[in-house]
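Please read these notes with the model open beside you.

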Amino acid sequence: MLGYEHWKGQVLTADELHVLYEGIKLNNVNQYDYVLTGYTRDDSFLDTVVDIVQELKRENPSLEYGVYNKELNTFGDKVVPAADIIKKLKLLGLFQAMNLLHSMGPDTVVITSSDLPSPLGDQYLVALGSQKIGEFDFISTQVGAQWWMLCLWERDLFAAMLLAWTHLHPNDLKMACEKTVSVIHHVIKRTINYAKEVAGPNRKPSPAQLKLRMVQSKADIEDPAIVLNAVGL
């Protein structure tokens, strides 16, 4: 998962999250425009996350809540209705599943690492996206826009960039995802080139050498050249 042979740490509990959030409120720094959460395996922790998001939305109704998780079915009834943006892995049924998620509340759904074959080989994954525009009718599956595209993969960077670019292109998910995927493309390519150079000829780069070159990719993150395009369906 982390690339390193050894790592240590602990899982944050619901009580610890509550204490952290209470400290944030006491310092009056709980004014957020966006919240992004990742993989969570504990129901009580999820309850606390949803409670915090709902409280933040009462303070700022325009706040957007983005969800990344590869096992969304484990907490769909709790988190999905509260989410504005869903980024989801390995859904079965693909577009039917995206429509179902739309019917539960989120306006934006993106599926990454689907099982669809990539025309450019195993190095690329097939991603799919769907954006709800106006009223949603699950029976007739009327959605604003649906499309597919190829992408290189770095899940945390994808989630962060997707949230950022949907802010800048709130009514154009296709463009937001093209810029998200292009950022990842540039960062990964720069990281691999650097790692190979530092490791030396015929030597495998270490996990430390493969750490993403984020600072060095600042210009590409802010204004990426589009290298992969989404195709409408």
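**Notes on Thr166 and the chain**

1. The side chain of Thr166 reaches the backbone oxygen of Leu163 at 3.0 Å. The Thr166 side chain also reaches the backbone oxygen of Leu162, at 2.8 Å. Each is a polar contact (a pair of N or O atoms within 3.5 Å; within protein, one must be able to donate a hydrogen and the other to accept it, and residues adjacent in sequence count only if both atoms are side-chain atoms).

2. This is a predicted model, in which local features need pLDDT of at least 70 and side-chain atom pairs count only at pLDDT 80 or more, while totals for chains, interfaces and linings use all residues. Residues are numbered from 1 along each chain as its sequence is written, and side-chain values use heavy atoms, with hydrogens and water left out.

3. Thr166 lies in helix H5, which covers residues 155-168. Helices (H or I, at least four residues) and strands (E, at least two) are DSSP runs, numbered from the N terminus.

4. Is Thr166 buried or exposed? Thr166 is buried, because its relative accessible area is 7%; buried means under 20%, exposed over 50%, and partly exposed in between (1.4 Å probe, protein chains only).

5. Thr166 and Cys177 are 11 residues apart in sequence, and their C-alpha atoms are 8.0 Å apart in space.

6. The protein chain has seven helices and seven strands. Read from the N terminus, their order is α-β-α-β-α-β-α-β-β-β-α-α-α-β.

7. The protein chain has 233 residues, and 43% of them count as buried.
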